[in-house]
Amino acid sequence: NRYIYTFEEGGKEMANLLGGKGAGLAEMKKLGLNVPDGFIITTKACIAYQKSNKMPEGLNDSIKENMKVLEKKTGKGFGSDKNPLLVSVRSGAPISMPGMMDTILNVGLNDRSLKGLTESTKNRRFALDSYRRLKQMFGTVVYNLPHDEFEEIIQEKKEKYGRKNDTDLKADELEEIGKEFDEVYKKHGKTFPQDPEKQLFLSIEAVFNSWNSPRAIAYREINKISNDLGTAVNIVSMVFGNTGNNSATGVAFTRNPNTGEKELFGEYLLNAQGEDVVAGIRTPRKISELEKQLPDAYRDFVKSAEILEKNYRDMQDMEFTIENGKFFMLQTRNGKRSARATVRIAVEMAKEGLITMEEAVLRVSPESLDILFHPQVKKSGKERVLGHGLAASPGAAIGQIVFSSDRAVELSRNKVKVILVRPETTADDVRGMSVSEGFLTQKGGMTSHAAVVSRAMGKPAVVGVESMKVNVRERSLTIDGTILREGDIITVDGTNGEFLLGVTDLEESQVGEHIEVLLKWSDTYRKLGIRSNANTPEEAIIARRNGGEGIGLARTERMFLGGDRIEIMRSMIMSKNAEDRQFNLTKLLPMQISDFTEFFRTMEGFPVIIRLLDPPLHEFLPDKEEVLNRIYSLKIKMIKANELKEIDELMTGINRENEMLGVIRSLEEFNPMLGFRGCRLGISFPEIYETQVRAIIRAAINVMSEGKKIIPEIMIPLVGTERELSILRERLEKVALDEKGHYNISYKFGTMIEIPRACVVADKIAAYADFFSFGTNDLTQMTFGYSRDDAEGKFMAKYLEEKIVPNDPFRTVDAEGVGELMKMAVERGRKGNKNLEIGICGEQGGDPETIEFCHKIGLDYVSASPYRIPIARLSAARAAL
Ligand code: PEP
Ligand code: MG
């Protein structure tokens, strides 16, 4: 059972065993970069420790042996009063969990080695500063001593001696601080251990334990990371960025993580140690300034960054330290980035030849495109911009401000949209961030916690609004004399780095050139066609613009809802006989023709599926209560009326409303979603579908005479038996032939597959269908027996929490159940008609996982809502690769 590897023995492919950081350090050693010496305690050791709650057998001895080797390599002695070896004890899980786990620096310093460090560096101030840092970190991490008590002491000393920054403190003052730190230990019944080995072992255990800290567990839960991975522990010989102005420490990315632009992007601080940059104590400088301040080290850095990016074939997020002008790499990993940057980096890397086009397509998660197509703030000039900060994560978010994660969680339970406002965020805020629309912070830079997390979550954020004062206790913020309190509404514009008062108009985002390229590449790989669900000509236009290749579902009922149409529709429903019905339908005919004509024009050259009327008719009638109220108020007027003519008119009104009430009552069903709808209506009231088919064919003729090619596909909803379709097809085909006359138009007849029975007898149904389109909304409803209108609001959250269903089946097709039925329908359907065209038009058609499934079972296309078409194009390509 081997628990330890030296850096020379590992490599990047060993991240599971050595953790991300350890594997990276080993890889960098292999690449010949300047990395401090050290060794890695494996994740296996951590797992063994968690199981038995003590250091696994033999580990302590191995650590001691490896420390000996490290002493030899560095020529220093652990705890020595001459040239002491100091190490950092760093956590490093297989999957990066930024800031979630602990790290302790300067381990090995004690009163004795302090002398050694002072002498070997000839820098007493530096040695004392390192020592107080160790006491502080060790105390908080190992013994859980309150961080604030240490900070208060530093603060006091700074005030007492009139020092502005920590770095201004003099050696004697730091010595005083160190002594007072000992008192903090004492106050809590502890002592700082002078034995370096004890420091080391306790630190290692503390890092092991931090794997199960509440915030680490919460982070893993949110990010779906397994609890069984464990963390590795890296023991790294210390190099110092805080020996003076010839030293520095910083973090940087090989490309801009916000825009994706190819440039070294990051921050550093002269004369500082790692945690200073992240903690935001001093404002860090931009990496480009390093070229002037420490040119040799900068050159080394640029070279190392290039080597790393080539080797990892991805954008790297690096930590470095410069000790007396000498450059060291401390960490590298694939960097987190905004959705926009993800696309640009993937496309540019493919163009540079660093990765293939296929890899570029596989690197962009389809869901991440969502925010790129997301709205941005649309300025009219009337908005009140409250403040400016850094544009940390793009997009616009609107919500009520809250000042703590707890409040964010609390309010979001009631579906309140919140913006989390904090002085700065820490790992403890991740839960609150996950329920907020966007973030606003007073402090921090582009690599601060808030910035990194917001980009990863794809939520808008503005950070570092220095002119703002956040008062967490009073739940308020002040900026330029304006005070906002919890519940006030703001807009966070993460694209421009501003925040504005109140609700702001939003506009569709300008989609960049890189995404166009990526989607074009995707189109060459995908096998699935991509159509759009569109209910109005306007939606059809967006669908075309986003690359939709036709309409997979136009729900005609949506056309009857507006203006006078609804009135005609109501008269049609209330018709007493077929003649009456036909009369009203004829009034609707020109309106339908013009709608369809618009559709066909927009979709020139592409297929358009028009679905005949589907919902139960009562959906077009007013609410019963509403009608009762109207009758009541008409009756009141009647009592007050005295003119005969007026009474007459009121009487007619009452009669009409009563009639309406009668129809509503007669249409009332116990379970309308399983009731009188879809083809059942079509069979019972032939005139409705006949009129719709007339309209479709006439519109097609209109558009054809404009010289445009179109392919109407007429779709019958809710078919469960072959007879339903055969009867309707025969009837409607006659109408179509009649309307078509001498015009040479082709059209198709097909059906939705949304009733489980239809899947089973798909072969028989297919004999009468040119195409199938899976209506997975109804198919899911009927397969599970979950009401599609109630499940999500009532019990789905609980079902997901209890893992009764792995996903909401109304968002992602349930492959195991509903999916099996679909497979059956595809196989049997194609047996019944080998030219059958098959697609999906339920909501799930825009979901990446569902699209992958549809690709697998051999559908011809998916149909998604207009805004999700880019996601669908990319998903379909990824499914094919
Ligand atoms: C479906 O049932 O999946 C479907 C697309 O039709 P509707 O949602 O209109 O019932
Ligand atoms: Mg349906």
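**Note on the predicted model**

1. T342 is part of helix α13, which spans residues 339–352; helices (H or I, at least four residues) and strands (E, at least two) are DSSP runs numbered from the N terminus. With a relative accessible area of 15%, T342 is buried, where buried means under 20% relative accessible area, exposed over 50%, and partly exposed in between (1.4 Å probe, protein chains only). The T342 side chain reaches the backbone oxygen of S338 at 2.8 Å. A polar contact is a pair of N or O atoms within 3.5 Å; within protein, one must be able to donate a hydrogen and the other to accept it, and residues adjacent in sequence count only if both atoms are side-chain atoms.

2. On conventions, this is a predicted model, in which local features need pLDDT of at least 70 and side-chain atom pairs count only at pLDDT 80 or more, while totals for chains, interfaces and linings use all residues. Residues are numbered from 1 along each chain as its sequence is written, chains are lettered from A and ligands numbered from 1 in the order in which they are written, and side-chain values use heavy atoms, with hydrogens and water left out.

3. The domain assignment gives domain 1 (4–237), domain 2 (248–334), domain 3 (374–507), domain 4 (526–616 + 673–880) and domain 5 (624–666); such bounds come from an automatic or database domain assignment. Taken over C-alpha atoms, the centres of domain 3 and domain 4 are 41 Å apart.

4. The structure holds 69 salt bridges, each being a side-chain nitrogen of Lys or Arg within 4 Å of a carboxyl oxygen of Asp or Glu. In one of them, R407 and E410 meet with N and O 2.8 Å apart. Both residues lie in helix α16 (residues 405–413), three residues apart, or about one turn of the helix. R407 is buried at 19% relative accessible area, whereas E410, at 40%, counts as partly exposed.

5. R407 also forms a salt bridge with E486, with the closest N and O atoms 2.7 Å apart. This pair links distant parts of the chain, 79 residues apart: R407 is in helix α16, and E486 is in the loop between β22 (482–485) and β23 (489–493). E486 counts as partly exposed, at 23% relative accessibility.

6. A further salt bridge joins D614 and R611 (3.6 Å, N to O), and both residues are buried. Through shared partners, salt bridges connect E557, R611, D614, R677, D778 and R788 into one network.

7. Which residues come nearest to ligand 1? Of the 14 around it, they are R555, R611, G775, N777 and R788, a residue being near if one of its heavy atoms lies within 4 Å. By class, this shell has three nonpolar, four polar and seven charged residues; Ala, Val, Leu, Ile, Met, Phe, Trp, Tyr, Cys and Pro count as nonpolar, Asp, Glu, Lys and Arg as charged, and the others, Gly among them, as polar.

8. Oxygen atoms of ligand 1 lie 2.7 Å from a polar side-chain atom of R555, 3.0 Å from a polar backbone atom of T776 and 2.6 Å from an N or O atom in the R788 side chain. The protein covers 96% of the 290 Å² of accessible area that ligand 1 has on its own, by the Shrake-Rupley method with a 1.4 Å probe. Elements giving two or more residues to the shell are β27 (551–555) and α30 (776–784); α30 gives the most, with three residues.
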